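Thanks for coming, everyone. Let me put the model up, and then we'll go through it piece by piece.

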Amino acid sequence: MKMKLIAGFTLAFMSVAGISQAQQAPVSNYNYHETFAPFFYSKNGNEFRAADGQPGPKYWQNRADYQLSATLNDQNNEVTGAEILTYTNNSPQKLDFLWMQLDQNLFKQDSRGTAIIPPSGSRNGGRGALSNGGYNIKSVKVGDTPVKFLINDTRMQVFLPNGVNPNGGQVKLNIEYSFVVPEYGSDRTGIQKTKNGNIYTVAQWYPRMYVYDDVMGWNTLPYTGPAEFYLEYGDFDLSITAPANHIVVASGELQNPQDVYTPEQLKRWALAEKSEETVVIRSASEVTEASSRPAGKKQLTWKFKIKNARDASWGSSAAFIVDAAKMNLPSGKKSTAISAYPVESDGKDAWGRSTEYVKKSIEYNSQKWFEYPYPAATAVAGVVGGMEYPGIVFCSWKAKKASLWNVNDHEFGHTWFPMIVGSNERLYGWMDEGFNTFINTLSTADFNKGEYAGKKQDMQKVGAYLTSSQMEPVMSYPENLKEENTGWMLYFKPGTGLTLLREQILGPERFDFAFRTYIARWAFKHPTPDDFFRTMENAGGETLQWFWRGWYVNNWRLDVGVRDVKYVGGDASRGALITLDNLDKLVMPATLEIKTVSGKVDRVKLPVEIWERNNSFIVRYPSTEEIQSVTYDPDKVLPDYNSDNNVWKK
């Protein structure tokens, strides 16, 4: 009996194969065994990272708390700093040494990053290394005892005589240092000259801890410019001393406003914290008035605090206009949107609307995904094109209208990735840039009912470019990407992948739930790509390994063609048989638009599973008359790079 069934099945299969051959299917690069192969994940879940994508019962991460003080000398552009670092080792291993990041050393003439800048130049360097660039580390102590340290390029290894015990052991380092602020520091820090004084946007300004985690141990990749940062969480206590005619803005909440603002400005701050509309704290006309700054001192010290953050940065200038407004967060927690910019950037088409943009962007994302966690959000106009830090961002002083909305929305979108969800940007830049690019599409569509929303894109044209042979896979390290491809592979392609997943595969309701689940699970923690992939599958209720494999791990292409239309028994009234061919390696669900000779139009949606065991698939359509045309992907929402074979006509 079994032998007869097998024999019958074999004959039937041979018959179908013969029909396919007779119809002369085009040559296909598609291999469904490869696309839908099992064992996508290299490891099973464990006690640190569970199989469903959430942190395991024994997940741990270390902690770094900072007390930072710095003095800005605006005559020689030098910052002199002192750091008290309290490092908590929550790992199960004793640590006999620590690794710290000395990012300013990128701007030394002999740094690795300087050495790899091509003759054509790069945004990743310092636009000319400083002869005196980089850190001057004056001392490193545990308590009052100096300890041995070794500096190699942008890394410093600190040797601890007694180590740091596991499971909550602590060590306190005292570090004294100085550096000269580069004029243009890898488009992340620098100095912008204005008619009323320099604007200092100061980042990577203190020795920062490298992350020690359960995946790699110490993550000690050097800073060469292209890739950003991977940092531990902790509390920050900042004291910034600057010339008295400067206004300083920084990550977190100002602790001593009465010491650094005039009585009139304090009244304006009180009004701004309750106002839906932007309130000017220091106007353009007041910038050159001595009375707009407290009198009687050469320097002022500004004190800020921010909790549960991965970093902190600041800006300082005598040229700042400052304005602010209240932000409405879901919990009712107090938070203020702030902008600081020069007279040259003022105006209703430019930075005069910045606070409005900051407010609306953060309110939308707080409601949609996860509440903004900090007491203030400050946008600073300066030399930096766009860069994000907890509670503060640096954006181009030249930005206006849509470009200013876009840069503010993007940089504050980074609050969610990687400030809240603390992925390893040094390795997986797409997990912050790409995810943020995706959420920007939704916030932009929402802002003022689409004031700056762009035209709907033709994904067939976009897909042709994103999957061309000139592109690397998304899952490339940032340093392995050609610089001209960085925007496409770190930002646009992974962001487009999430749009495809939301709009074409899972649907908005399932996607949004899964994405919010990912953010909530990994808020203020360190996820890997697998943690994201597993969470989206488990919370979304869909096996998506074919999608991760094709769009993120590999640079596969989509090419589906409508080959032929035939009728059952040659009679159109008995139904049509539409043959589709998958000609390349990527797969997606399919939509067909079918027009009949009488003008009737119908849509047929097909799941991705039609390609699980087929290079070609015959769709049976219940026609009652002849078909005039069949169009694959009629709305051009799929990245099918070859549209020449998308339409069959009678």
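A464 touches R557 and Y641, once neighbours within four places in sequence are set aside; contact here means heavy atoms within 4.5 Å. A464 sits in helix α10. Helices are DSSP runs of H or I with at least four residues, strands are runs of E with at least two, and both are numbered from the N terminus. Is A464 buried, partly exposed or exposed? Partly exposed, with a relative accessible area of 22%. Those words have cut-offs: buried is under 20% relative accessible area, exposed is over 50%, and partly exposed is in between, with a 1.4 Å probe and protein chains only. Now compare sequence and space: A464 and G450 are 14 residues apart in sequence, and their C-alpha atoms are 27 Å apart.

A word on what you are looking at. This is a predicted model, where local features need pLDDT of at least 70, side-chain atom pairs count only at pLDDT 80 or more, and totals for chains, interfaces and linings use all residues. Residues are numbered from 1 along each chain as its sequence is written, and side-chain values use heavy atoms, with hydrogens and water left out.

Stay with α10. Two packed helices are described by the angle between their axes and the distance between the axes. Axes are lines fitted to C-alpha atoms, for helices over the stretch in contact, and angles run from 0 to 180 degrees between N-to-C directions. Helix α10, residues 459-466, packs on helix α11, residues 486-506, at about 140°, with the axes 11 Å apart. The pair is therefore oblique. On that scale, under 35 degrees is roughly parallel, over 145 is roughly antiparallel, 65 to 115 is roughly perpendicular, and the rest is oblique. The crossing of α10 past α11 is left-handed. Left-handed means the near helix is turned anticlockwise from the far one by less than a right angle; right-handed means clockwise.

Who makes the contact? From α10, M459, V462, Y465 and L466; from α11, W488, M489, F492, K493 and T496. By type, that contact has seven nonpolar residues, one polar and one charged. For the classes, Ala, Val, Leu, Ile, Met, Phe, Trp, Tyr, Cys and Pro are nonpolar, Asp, Glu, Lys and Arg are charged, and the others, Gly among them, are polar.

Next pair. Helix α12, residues 508-521, and helix α13, residues 529-540, have axes that come within 8 Å and cross at roughly 135°. α12 and α13 are therefore oblique too. α12 passes α13 in a right-handed crossing. On the α12 side, the contact includes F511, F513 and F515. On the α13 side, F532 and M536 are among the residues involved.

Now α14, residues 545-553. How many of its nine residues are buried? Eight, so the helix is largely enclosed by the rest of the structure. Among the buried ones are W546, W548 and W551. What do they pack against? The partners are α2, α9, α10, α11 and α13.

On to the strands. N198 is in strand β11, residues 197-202. N198 is partly exposed, at 22% relative accessible area. Beyond four places in sequence, its contacts include N77, K193 and S317. N198 and F320 are 122 residues apart in sequence, yet 9.6 Å apart C-alpha to C-alpha.

T631 lies in strand β31, residues 627-632. T631 counts as buried, at 17% relative accessibility. Its contacts, leaving out neighbours within four places, are T591, L592, E593, N646 and V647.

A few backbone points to check on screen. The peptide bond from F417 to P418 is cis, with omega near 20°. P418 belongs to helix α8, residues 415-420. F39 is not a glycine, but has a positive phi of about 60°. F39 is in the loop between α2 and β1, and counts as exposed at 77% relative accessibility. K401, also not a glycine, has a positive phi of about 45°. K401 lies in helix α7, residues 401-413, and is partly exposed at 46%.

Last, the whole chain. How many helices and strands are there? The count is 14 helices and 32 strands. Of the 650 residues, 57% count as buried. The C-alpha trace spans about 100 × 55 × 50 Å along its principal axes.
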